[in-house]
Amino acid sequence: MLKTAVLPLSLKESKQRLYDMARCLKHFGTETVYLVHVMARDEGDSPKQRNIQQTIRDIADSLRDLGLYVEMYFKTGRIADTVCQTAQELEADYLSLHWRKKNVIKQTLLGSADADILRMCTHPVFIYQSGGHLERKTNLNRVLYATDFQHTDSAVMPYLQNSDFCAEILYLLHVGERAPDPYAEEERHRESMRNLQRLAEECSHAFTTVETMEVTGSVKGQIIRQTRKKKVDLVIVGKSEKARPLEQMLGSVAETLPDRTRCSLFVVTDIRKG
Amino acid sequence: MQLLKNNIVFIIALFIVLFFVGIGILSPDRLSSLATYLQERIIEMFGWGYLLAAFLFIIFNLYLALSKYGNVKLGKDGEKPQYSYFGWFSMLFAAGMGIGMIFWGVAEPMSHYLNPPEYITKESGMAAKFAMKYSFFHWGIQPWAIYIVMSMCIAYFSFRRGMPPLISSCFYPLIGERIYGIPGYLIDALAVFATVFGVVTSLGLGAMQITSGLSTVFPFEPTFTATVIIICVVTVLFLISSLSGLDKGIQMLSKTNIMLALALLGFMLIAGPTTYILDIFLNTIADYFSSLFNMSLSTNPFRGYEWTHSWTMFYWAWWISWSPFVGLFVASISRGRTIREFVSGALIVPTLLTFLWFSVFGGAAFHVEFTRQADLARTVSQDVSVGLFELYEFFPLSIGLSLLTVALLGVFFITSADSATFVLSMMTSRGRLSPPAAKKITWGLIISGTSVILLYAGGLEALQKMAITAALPFTVLMLFMCRSLNKGLAYEFRQHSRNPYLDSSEEKQE
């Protein structure tokens, strides 16, 4: 399910980090990587253009050394639109972003191409974060899937069932909203645990251990807290196209998580609009 | 240990109350300067917050009433309201503001007429128009919106979600089990503190008004002894009413009250300048609604700043500090009504009745002031409590009207003290709807005893200001209560237990 990846390059990434990220992709079972570089305008055969092409060729060669099949694409236009469109044209399985955190002011004033891609793309997006646990090892050990028990489960579960992430431990986390009274809360907790247990059974064959966790509070805050607490390597979240008005303005949990956690993320979009 | 835990709120609240009352007795000046400083600083710094919060409460109430949540019952599904509309409105009115309206029905329009903000000429037509509009505003939709938020939250979490009728119960969706710990105890103790201080000052000041009212009819001096006797009589009566339970005592008294009030209102409307009053009523309603948004959010930083602080913001703080008491009481009589019914009933009917009351009494006072050069405004400025009795001098059957008003005041006092005793006992008995008689008697005697002592030693108004300071934490708490109620209601409409993914895979298997 994760055979082909589109890897947008801004050329601000360090080669070592790109190499580390490619190793992760390989770990997921990826065989083909499409390197996509988007320029604002076509500069023809200018020295700058030749320079860029040479850099990307070097990157492609280093990725080929890992055993990946690599193709390069040079496009012009608006970065986010072009990357998403290319992924669609190439029928890629997912996108892989080398996320660079930007502070609020920078992001507000200058925007972030990565954030735009994540917001607009309907393909699954792998967000590689340098400095996270993944960087220090070659294998994924702990994966956490934060489920909201909604339709996004149907988009994410196939990846967990297919053992695409080849991890040892899977944590299934549900962050619920506390019920209005203690009795209803007990009921809600019991029901959530039952749902988690059923999800755990469905993907138990793909992991050595599957643990379930049910907590209450802020979804974003709890995902970050549990990720840190359990020393998770990769967080998997679903993203719904049917966002609430506040989420549309401030960004959904999946869209805001990359800037709040040091962990790598895999965001799967549920494209049904309800 | 269990006994201590069950009575922890009672102990904390009693300690706080006795501490401040002690200062009020031993050093009333110190309490007064502290209370004045606190109240002025709070209004100066957070007055804008009161205005904004009160406005948000209106929006929140309308949102709930008009949304899908409007059909949610403040009780179990299928449950019927415990009281008839007449009984419910009577009790709403009696607990909410009945007594204040008698006190301020003439006095407030006259005060604004004589002392409007600096940009309006005193004793002018403009001042009269302004006086009526702001009297409507201070006693209109906002106070009821504040009460509704508090009572709706309590009623929802108590009667629909099966939790004890306590203010702390409303915070379960936000802080969970911690409502049974220190945060919950502090919230409930704060509510008891605000209620005791509010009721003590109301009882003391109200007893003084009854004394001065009686002294205009009967030949005696309104001395301290006379006031003490009145407090004692009121205490005995409200304790009897309180011990006979909510169903009998308060309901009967409230119905009597509303009948007396309507009789008085009807007489004044017919015997007074009817057309003039109705003109004022319609004109002020138009003024009120056309400038409601403007008045609601005007902190007036450029002109009329002081006036807004000393009237509007003071009122908002007062209503908020009263809201735990009124909220708990109104919640306890509203079981079985839907949110839509509750909001529309409590927002429209008492507000319209209040508008009519102010139009009749304020309008009659203006008529007397303009046509007979009565100088009523100046009399009121010297002693607010005599305004109504002075007005009666220009009406037929003035002695009868004064006696009827004193009776009304007395019954309103008994009702307020009765419901306060009930609410205090309930809050300090972990939300028992039938609190023990001993606790009712204890609170009843504490309220009356403190009123008498503070009337003697001074410091009654200082205590009132202390009660108003509680409005600041309560404003914040009430905003969180709105959030909590919204979460609770949203939970009802969300199918938590269902998982579309698992459900569909189950269906496929079948």
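How many helices and strands are there in chain B? Chain B has 22 helices and zero strands, where helices (H or I, at least four residues) and strands (E, at least two) are DSSP runs numbered from the N terminus. The radius of gyration of chain B, taken over C-alpha atoms, is 23 Å, close to the 24 Å that the globule rule gives for 510 residues, so chain B is as compact as a globular protein of that length. That rule is 2.2 Å times the number of residues to the power 0.38.

Before we go further, a word on the ground rules. This is a predicted model, in which local features need pLDDT of at least 70 and side-chain atom pairs count only at pLDDT 80 or more, while totals for chains, interfaces and linings use all residues. Residues are numbered from 1 along each chain as its sequence is written, chains are lettered from A and ligands numbered from 1 in the order in which they are written, and side-chain values use heavy atoms, with hydrogens and water left out.

Along the principal axes, the C-alpha atoms of chain B fill a box of roughly 90 × 50 × 45 Å. Of its 510 residues, 61% count as buried, meaning under 20% relative accessible area (1.4 Å probe, protein chains only). Take contacts (heavy atoms within 4.5 Å) between residues of chain B at least 6 apart in sequence: 82% of them join residues at least 24 apart.

B:T469 has a relative accessible area of 12%, so it is buried. Beyond its neighbours within four places in sequence, B:T469 is in contact with B:L38, B:Q39 and B:I42.

Now to the rings. Over all chains, a search of the whole structure finds 44 aromatic pairs. Rings of Phe, Tyr and Trp (its six-membered ring) pair if their centres lie within 6.5 Å; planes under 30 degrees apart count as stacked, over 60 as edge-to-face and the rest as tilted. B:F20 and B:F197 form an edge-to-face pair, at 6.0 Å centre to centre and 85° between the planes. This pair links distant parts of the chain, with B:F20 in helix α2 (residues 8–26) and B:F197 in helix α9 (residues 182–217), 177 residues apart. Both B:F20 and B:F197 are buried.

The rings of B:W144 and B:Y147 have centres 5.6 Å apart and planes at 90°, so this pair is edge-to-face. Here both residues lie in helix α7 (residues 141–160), three residues apart, about one turn of the helix. B:W144 and B:Y147 are both buried.

Definitions and conventions:
Buried means under 20% relative accessible area, exposed over 50%, partly exposed in between (1.4 Å probe, protein chains only).
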